[in-house]
Amino acid sequence: MNGLALVVDDHPLVARGIAEYLVTHCGFAAAHSVSSGSECLKFIGSEAVPELAVIDFWLPEGTALSLLRRLSSEWSDIRLLAVSGDEDAVVRRKAREAGAHGFLRKQETPDVFTKAIAALRADGTWFPPVSAPASPPDAQRELPIHPRELGLTDRQGEVLAMMLRGLPNKQIARKLSLSETTVKEHVTNILGRLGVANRVEAITRLRGRRIEV
């Protein structure tokens with residue numbers, strides 16, 4: 001362990017506060033903070049490879065998923081802790097799938113944060129069970145979901161993405177060069193797969209999600 005930590009968060013006060021806490025309460029010799037994924041990669045490439053990186057799930061460029069994947073792939077020795085104010089279980093799952101060794105809600109107490117850091121430094125993981133009902137992300141932060149995660153084909157994903165935008169079958173058919181009958185069949189299959197009765201229920205269920213097509 002090299003005793004160096006890096007905090008990636010676009011809120012300067014939060015980032016500096018976490019960095020200071022890592023030094024004063026978690027035993028790190030030094031901790032630096034940056035505000036974006038690109039600054040994180042620049043720091044690692046030109047300064048030093050940290051032992052630990054605490055990364056906000058939501059960064060200026062979007063989710064931190066691509067950053068987590070790259071760090072996990074190219075610098076496997078870095079322990080990765082994703083943090084977020086979201087209570088959505090999907091956020092935690094996606095962070096884990098992208099390579100994070102732990103996930104922590106920003107609402108947790110300092111004591112829990114300290115325990116999570118200790119677990120990661122001991123080559124363990126930190127993914128506590130969801131303690132509260134999932135709530136949708138901020139309206140401006142749509143979590144990307146691939147159609148396969150919903151049991152849909154790519155084509156059904158395209159139809160669903162347009163449904164969520166409020167487009168009627170006729171417009172969907174025109175944009176995808178399909179017949180309205182085919183679109184209606186896709187819509188029926190999509191609603192059945194999602195377990196909902198109509199478009200309104202589908203939109204409500206997938207609030208805060210963006211279908212990747």
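At what angle do the axes of helix α6 and helix α8 cross? I looked this up before anything else. The model is predicted: local features need pLDDT of at least 70, side-chain atom pairs count only at pLDDT 80 or more, and totals for chains, interfaces and linings use all residues. Residues are numbered from 1 along each chain as its sequence is written, and side-chain values use heavy atoms, with hydrogens and water left out.

**Entry: α6 and α8**

I find that the axes of α6 (residues 154–164) and α8 (residues 180–194) cross at roughly 90 degrees and come within 10 Å. Axes here are lines fitted to C-alpha atoms, for helices over the stretch in contact, and angles run from 0 to 180 degrees between N-to-C directions. α6 is therefore roughly perpendicular to α8, a label that covers 65 to 115 degrees. From α6, the contact uses R155, Q156, V159, L160 and M163. From α8, I list H186, V187, N189, I190, L191 and L194. Contact means heavy atoms within 4.5 Å.

**Entry: whole chain**

I count 9 helices and 9 strands in the chain. Helices (H or I, at least four residues) and strands (E, at least two) are DSSP runs, numbered from the N terminus. The C-alpha atoms fill a box of roughly 65 × 35 × 30 Å along the principal axes. Of the 213 residues, 45% are buried. Buried means under 20% relative accessible area and exposed over 50%, with partly exposed in between (1.4 Å probe, protein chains only). Among contacts between residues at least 6 apart in sequence, 67% join residues at least 24 apart.

**Entry: the sheet**

I trace an open sheet of 5 strands in the order β2-β1-β3-β6-β7, with parallel pairing. β2 (30–34) and β7 (102–105) are the edge strands, each pairing on one side only. Neighbouring strands are turned by 20 degrees against each other on average, direction ignored. Two strands pair if DSSP finds at least two bridges between them. β1 (residues 4–8) pairs with β3 (residues 52–56) over 4 bridges, and A5 has L52 as its bridge partner in β3. Helix α5 (residues 110–121) packs on the sheet, touching β3, β6 (79–84) and β7. The direction of α5 makes about 155 degrees with that of β6. β1 also pairs with β2, over 5 bridges, where H32 is the partner of L6.

Which residues of β1 are buried on each side? I find L4, L6 and V8 on one side, and A5 and V7 on the other.

**Entry: α3 and the cores**

In α3 (residues 65–74), I mark L65, L67, L68 and L71 as buried. They lie on the same side of α3 because they cover an arc of only 160 degrees around the axis. The arc is that of the directions from the helix axis to the C-beta atoms. S66 and S73 are exposed on the face turned away.

The largest nonpolar core has 49 residues, and I55 and L160 have the most contacts inside it. Such a core is a set of buried Ala, Val, Leu, Ile, Met, Phe, Trp, Tyr and Cys residues joined through side-chain atoms within 4.5 Å. A second, separate core of 18 residues includes A19, L81, L104 and F113.

**Entry: I18**

I18 is in helix α1 (residues 12–25). I18 counts as buried because its relative accessibility is 17%. Not counting residues up to four places away in sequence, I18 touches V7, V54 and F113.

Key. Parallel < 35°, antiparallel > 145°, perpendicular 65-115°, else oblique.
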